[in-house]
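This report describes how two ligands sit in a protein model. Please look at the sequence and the structure before reading on.

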Amino acid sequence: MKDAFGAPQSVLVLGGASEIGLAVARRMLVRRARAVWLAGRPSPALDSAAASLRALRPGADVRTVEFDALDTGSHEEVLGKVFAEGDVDLVLLAFGVLGDQARDEREPAGAVRVAQTNYTGAVSAGLVAASALRGQGHGSLVVLSSVAAERARRGNFIYGSSKAGLDAFAQGLGEALRGTGVHVMVVRPGFVRSRMTAGLREAPLATTPGAVAAAVESGLRHRASTVWVPGALRPAMAVLRHLPRPLFRRLPL
Amino acid sequence: MPPTQSPPPDLAAPADAPAVPVSGWGRTAPTVARLVRPRSYDEAVAAVRGCGARGGIPRGLGRAYGDAAQNAGGAVLDMTALDRIHAVDAAGGVVLCDAGVSLHRLMQVLLPLGWFVPVTPGTRYVTVGGAIGADIHGKNHHVCGSFSRHVLSLELLTADGTIRTVAPGDPLFEATCGGMGLTGVVLTASLRLQPVETSWMTVDTERARDLDDLMARLTATDHRHRYSVAWIDLLARGAATGRAVLTRGDHAPRAALPRSRRARRDPLEFRPSRLPAAPSFLPDGLLGPTTVGIFNELWYRRAPRLRTGELQRLHAFFHPLDGVPHWNRVYGRSGFVQYQFVVGYGEEEALRRIVRRISGRRCPSFLAVLKRFGDGDPGWLSFPTAGWTLALDLPAGLPGLDGLLDELDEEVAAAGGRVYLAKDSRLRPELLPAMYPRLEEFRALRAALDPRGVFTSDLSRRLGL
Ligand SMILES: Cc1cc2nc3c(=O)[nH]c(=O)nc-3n(C[C@H](O)[C@H](O)[C@H](O)COP(=O)(O)OP(=O)(O)OC[C@H]3O[C@@H](n4cnc5c(N)ncnc54)[C@H](O)[C@@H]3O)c2cc1C
Ligand SMILES: NC(=O)c1ccc[n+]([C@@H]2O[C@H](COP(=O)([O-])OP(=O)(O)OC[C@H]3O[C@@H](n4cnc5c(N)ncnc54)[C@H](OP(=O)(O)O)[C@@H]3O)[C@@H](O)[C@H]2O)c1
């Protein structure tokens with residue numbers, strides 16, 4: 001159960017090796033979490049992620065479970081197995097791929113993969129998780145969207161459009177779940193220094209996985225429906241969203 | 001074919017009960033449950049039998065601050081429709097009533113007969129079931145012990161759907177008192193009452209300039225009064241840390257009422273008035289250190305240095321907050337947390353450290369309450385133990401509050417103390433066994449009595465009760 005401050009006791013990270021996902025799990029373990037599931041594609045990274053969490057809090061029940069966002073047919077079974085072991089207070093939808101915009105424009109199969117992972121996979125896993133949470137009458141589903149979902153940009157509109165779809169889906173799901181005890185929170189980080197963005201030119205207001213985790217903790221506490229990281233992005237994007245296109249085009253984003 | 005076992009159609013069927021958000025008085029962690037409101041004992045039995053996989057938990061008037069009377073995804077049994085007062089022995093001072101009866105109602109009925117409830121918390125809007133479930137204490141704990149000490153017997157509906165009569169001395173009785181509804185549903189209870197001549201109190205008020213002065217005064221003169229409590233200003237710092245106003249009271253005898261007053265004609269009158277309710281939407285942060293600080297300052301200055309024998313209405317003395325319905329809304333959307341702990345006599349240093357810590361952090365806490373408890377009570381999970389108890393309210397949105405309270409827990413546990421489950425919404429479960437040494441017995445009794453875990457609450461899930 002979450003406590004009065006929204007701190008969960010059990011956490012499921014979908015995309016278990018994600019740097020942001022791990023930062024959130026770490027933060028929750030320091031607070032009240034004693035059970036963490038890392039769901040992801042089997043890899044040394046996933047195993048070492050689990051090991052690092054166990055080292056952080058010996059005695060915590062940290063487990064990995066095989067999960068592929070693209071294999072939507074398996075989601076019921078995989079998530080069903082996790083929920084059968086006990087309540088999950090926080091489900092974090094953290095998987096995602098950035099893709100390679102230039103290459104994906106040339107080779108649409110790559111773009112499809114981005115769309116299927118970030119959108120289709122999330123719709124499937126999100127609905128399955130929502131139904132399980134609904135059954136337990138409590139819990140939060142936290143969805144890592146992106147500031148890129150706010151307005152399509154030339155440089156990353158394939159990723160951006162997949163996140164826009166995900167963002168709209170998550171907002172709607174939050175509405176659908178009102179009154180069920182399940183809380184949906186959409187998190188829109190800007191540029192986060194992680195594996196995903198390694199080697200890319202930093203955008204203004206760049207932030208860290210730790211800062212995203214702190215924002216998630218605070219959002220849970222206030223039962224927020226939307227969280228921007230950093231917070232300054234909210235007003236910034238409110239302006240950028242309405243900037244005339246010729247102007248927006250010229251911005252160094 | 002065996003006869004079908006479905007309950008008669010007019011019984012409240014738990015499966016079709018509406019799913020609604022349920023929270024405690026602090027409004028911090030609402031969860032959704034099917035709310036079932038049994039109107040008869042048969043319906044209560046059917047409700048327990050039909051709880052389903054996520055179990056059920058009895059609920060009274062929802063005055064527990066945290067998640068004790070919530071059960072996410074399962075059933076919550078609202079017991080307030082079972083509210084009959086069955087018999088009053090006006091000569092012997094015993095009442096037999098349903099567990100859904102409120103203390104407010106009992107006072108309305110019993111005061112004119114010259115009887116008062118044996119123990120009352122800071123609000124009259126609690127049920128007898130809730131008073132037993134949390135084994136509540138009042139300002140008279142140092143003299144009279146907790147609520148359950150005045151329970152002669154009760155009828156308990158257990159997980160197997162049977163109704164048992166249990167009485168003091170019985171392990172099931174002791175597990176039920178303070179058992180937070182987890183041993184079963186109390187259906188009725190018979191209580192021993194307190195005789196009174198009037199519905200008035202004679203009240204002595206005095207100021208204490210700091211915490212040590214306060215403790216000295218309480219220690220020296222508590223035993224002279226049936227009711228005693230001190231209100232501490234936790235925003236005062238430096239030399240004034242822990243400054244407080246002590247109020248002590250006793251039931252006024254008839255002779256104490258002035259001859260001229262109407263009071264003399266109807267000395268047992270009980271008609272508390274209520275103001276309009278606090279509005280349902282108030283923003284967070286209304287109560288910051290500045291506003292609360294000003295309030296506390298005014299309140300301290302207003303109190304007399306020493307005044308004795310003042311006559312007060314009973315409800316003004318016991319339940320000042322009940323005058324404003326839904327006052328809990330002033331804390332806004334994030335709700336609030338009440339923190340109440342007890343540390344034993346001899347652990348005054350821990351109490352001083354905790355008070356200094358809270359004051360040092362400038363927490364916007366309205367008046368906190370300090371009281372001396374008498375000996376501990378027989379309930380296995382009953383809260384009181386001989387020592388000092390401090391209770392304070394804090395807005396849940398206060399930055400850093402979670403960490404601060406965790407630190408206080410450590411202090412409390414290290415001093416051999418405990419926090420009160422009826423107020424709790426955030427304790428770290430690892431600390432529970434140290435705070436409640438009879439927890440293992442409680443768990444074992446539950447495992448034997450209720451192997452499927454029919455009685456389950458958000459509190460029991462969170463703390464592993
Ligand atoms: C303003 C205020 C002041 C307070 N002051 C005090 C105080 O001075 N001293 C003190 O001790 N407490 C105090 N409390 C706490 C309050 O007395 C307890 O939380 C009490 O249990 C509330 O009773 P309720 O009927 O509202 O029960 P609920 O809050 O609905 O339930 C509380 C617990 O009792 C159980 N329960 C309820 N009905 C039954 C039943 N029929 N059978 C079995 N279990 C049942 C529930 O499962 C739950 O675990 C105060 C609360 C408020 C809001
Ligand atoms: N970094 C940023 O700047 C930024 C900004 C805004 C939003 N976000 C979003 O935040 C989330 C986490 O990103 P991050 O920065 O932590 O990046 P990350 O470390 O690269 O994490 C992404 C994770 O997604 C997993 N994943 C990808 N495809 C998957 C699939 N088919 N099935 C299961 N898992 C899959 C990856 O698993 P493998 O280890 O198996 O590859 C990886 O662990 C993503 O949704 C991202 O879009 C990131």
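The text below takes the surroundings of each ligand in turn.

The model is predicted. Around ligand 1 there are 34 residues, and B:Pro58, B:Gly60, B:Arg63, B:Ala64 and B:Thr127 come nearest. By class, this shell has 20 nonpolar, eleven polar and three charged residues. Domain 1 (81-196) and domain 2 (200-269 + 278-434) of chain B each give at least three residues to the shell around ligand 1.

Around ligand 2 there are 27 residues, of which A:Ala69, A:Tyr159, A:Lys163, A:Val192 and A:Ser194 come nearest. The shell around ligand 2 is made up of 14 nonpolar, eight polar and five charged residues.

| Residue | Residue atom | Ligand atom | Distance |
|---|---|---|---|
| B:Gly122 | backbone N or O | nitrogen of ligand 1 | 3.0 Å |
| B:Val186 | backbone N or O | nitrogen of ligand 1 | 2.8 Å |
| B:Tyr420 | side-chain N or O | oxygen of ligand 1 | 2.8 Å |
| A:Glu19 | backbone N or O | oxygen of ligand 2 | 3.0 Å |
| A:Arg41 | polar side-chain atom | oxygen of ligand 2 | 2.9 Å |
| A:Ser194 | side-chain N or O | oxygen of ligand 2 | 2.6 Å |

Ligand 1 on its own has 960 Å² of accessible area, and the protein covers 95% of it. Strand 3 (56-59), helix 3 (128-133) and strand 10 (185-192) of chain B are the elements that give two or more residues to the shell around ligand 1.

Ligand 2 taken alone exposes 880 Å², of which the protein buries 92%. In chain A, helix 1 (19-30) and helix 6 (157-176) are the elements that give two or more residues to the shell around ligand 2.

Notes:
Residues numbered from 1 in each chain as written. Chains lettered and ligands numbered in written order. Predicted model: local features only at pLDDT ≥ 70, side-chain atom pairs only at ≥ 80, totals over all residues. Heavy atoms only, no water. Near = heavy atom within 4 Å. Polar contact = N/O pair within 3.5 Å; in protein donor to acceptor, adjacent residues only side chain to side chain. Areas by Shrake-Rupley, 256 points an atom, 1.4 Å probe, with all protein chains shown as cover. Helix = DSSP H or I, 4+ residues; strand = E, 2+ residues; numbered from the N terminus. Nonpolar A, V, L, I, M, F, W, Y, C, P; charged D, E, K, R; others polar. Domains from an automatic or database assignment.
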